[in-house]
Amino acid sequence: PQYIVLLMMASFLSGTTQAPLTSFAIVMEISGGDTILGPLIASSFIAFWVAGKAVELPLYVMLIQPKP
């Protein structure tokens with residue numbers, strides 16, 4: 001169960017920031033181990049790909065843009 005939470009954390013962070021390498025590195029450091037390194041990388045890149053199809057700009061870029 002704790003591995004599923006870590007995978008969801010990495011996926012959420014990767015999808016919102018659209019920075020998969022940063023997200024899996026942060027979650028790997030939080031977890032304190034590298035036992036789920038492969039699934040962590042895969043979930044981060046899948047979330048990055050899905051988020052790229054859903055929205056065209058990352059969250060931080062959308063927050064910077066002026067509102068009409």
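Val 50 lies in helix H3, which spans residues 37–54; helices here are DSSP runs of H or I with at least four residues, numbered from the N terminus. The model is a predicted one, in which local features need pLDDT of at least 70, side-chain atom pairs count only at pLDDT 80 or more, and totals for chains, interfaces and linings use all residues. Residues are numbered from 1 along each chain as its sequence is written, and side-chain values use heavy atoms, with hydrogens and water left out.

With a relative accessible area of 44%, Val 50 is partly exposed. That class falls between buried (under 20%) and exposed (over 50%), using a 1.4 Å probe and protein chains only. Ala 25 is 25 residues from Val 50 along the chain, and their C-alpha atoms are 19 Å apart.

Thr 17 belongs to helix H1, residues 2–17. Thr 17 counts as buried because its relative accessibility is 14%. A polar atom of the Thr 17 side chain lies 2.6 Å from the backbone oxygen of Leu 13. Apart from neighbours within four places in sequence, Thr 17 is in contact (heavy atoms within 4.5 Å) with Pro 58 and Tyr 60.

The largest nonpolar core consists of 6 residues: Leu 6, Ala 10, Phe 24, Val 27, Ile 36 and Leu 40. H1 and helix H2 (20–31) each contribute at least two residues to this core. Such a core is a set of buried Ala, Val, Leu, Ile, Met, Phe, Trp, Tyr and Cys residues joined through side-chain atoms within 4.5 Å. In soluble globular proteins, nonpolar side chains tend to be buried together. Phe 24, again leaving aside neighbours within four places in sequence, is in contact with Leu 37, Leu 40, Ile 41 and Ser 44.

Methods
Polar contact = N/O pair within 3.5 Å; in protein donor to acceptor, adjacent residues only side chain to side chain.
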